[in-house]
Amino acid sequence: MHQLLLVVLLAATAYGCGHTSYPPYSSRVVNGIDAKPYSWPWQISLQVGSGSYFSHTCGGTLISADWVMTAGHCISAGRSYRVVLGEYDRSVKEGGEQVISPAKIIVHPKWSINCIACGNDIALIKLSEPASLNDKVQFACIPPSGYILPSNSYCYVTGWGRLYTNGPLPGKLQQAYLPVIDHDHCSRNDWWGSIVKTTMICAGGAEKSGCNGDSGGPLNCKDSNGMWYVHGVTSFVSSRGCNTKNKPTVWTRVSAFNSWIAQTMADN
């Protein structure tokens, strides 16, 4: 056990957070594209079981060797889940995947499926064994508490969500550039109005958005030092469709939950 912990600690030191061995495509084109393989090494596929079969249901983010962050609405009581790390093309076995079952799943105590607009759409999954950190599996950085992204920040949504409303789930991990929209603009009456809280982030627009299957996944934003931070947990889009005008994708703002994340990890 001590040797395993030492290996994990050495790997964490070697890779650090927010770095990738395969730099992602950085074009600020709004249309989604296949991501470069393993360029988002903290992206996970959260899969739900039905008998002995598991299928992709949500995304998520590896935030330490032992913990994954996802959305509260991705978790249903009584269901069985597993986390797949090192995934790129879900349609084939590529050899780098790590499949780990949860030891615990902790949904934010104030999350309610009956009030998505109330916020708190965040959950943490403690893995039953530490992830093996390597060039394909690394963890993301968490932004400082209270940090607010400026408008038009350099951010990407990633995931295996539908490419359009009611479309099929893609096999390969997708990415799309989505400029951040400030809260004052996003909360205008002709946009999201009072539904959007200050504990949320808006990004994108009618050209491209998150969609079903991207839920729980990261909003990846690059800082001036070239490190990637996960500022958002994909939460919701318009009921009228993923690319609805004036209804950008909404994320849970991670920097509003630093204390809860840290306390939950420390207590479990």
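In this predicted model, seven strands form an open sheet in the order β6-β5-β2-β3-β4-β8-β7, with antiparallel pairing. Strands are DSSP runs of E with at least two residues, helices are runs of H or I with at least four residues, and both are numbered from the N terminus; two strands pair if DSSP finds at least two bridges between them. The edge strands, β6 and β7 (102–107), each pair on one side only. On average, neighbouring strands of the sheet are turned by 35 degrees against each other, direction ignored.

Strand β7 runs antiparallel to β8 (residues 123–127), and five bridges join the two. K104 has K126 in β8 as its bridge partner. Helix α3 (residues 258–267) packs on this sheet and touches β4 (67–70), β7 and β8, its direction making about 30 degrees with that of β8. Contact here means heavy atoms within 4.5 Å. Axes are lines fitted to C-alpha atoms, for helices over the stretch in contact, and angles between N-to-C directions run from 0 to 180 degrees.

Eleven aromatic pairs are present in the structure. Rings of Phe, Tyr and Trp (its six-membered ring) pair if their centres lie within 6.5 Å; planes under 30 degrees apart count as stacked, over 60 as edge-to-face and the rest as tilted. Y38 and Y88 form a tilted pair, at 6.1 Å centre to centre and with 55 degrees between the planes. This pair links distant parts of the chain, 50 residues apart: Y38 lies in the loop between β1 (33–34) and β2 (43–50), and Y88 in the loop between β5 (81–85) and β6 (98–100). Y38 is buried, with a relative accessible area of 13%, and Y88 is buried at 7%. Buried means under 20% relative accessible area, exposed over 50%, and partly exposed in between (1.4 Å probe, protein chains only).

W192 and F236 form an edge-to-face pair, with centres 5.2 Å apart and 90 degrees between the planes. W192 is in the loop between α2 (183–186) and β12 (200–203), while F236 is in strand β14 (residues 228–236), 44 residues apart. W192 is buried at 9% relative accessibility, as is F236 at 12%.

The charged end of K136 sits over the ring of Y38, 5.2 Å from its centre, and that of K247 over the ring of W192, 5.8 Å from its centre. The criterion is NZ of Lys or CZ of Arg within 6 Å of the ring centre and within 35 degrees of the ring normal.

Residues are numbered from 1 along each chain as its sequence is written. Local features need pLDDT of at least 70, side-chain atom pairs count only at pLDDT 80 or more, totals for chains, interfaces and linings use all residues, and side-chain values use heavy atoms, with hydrogens and water left out.
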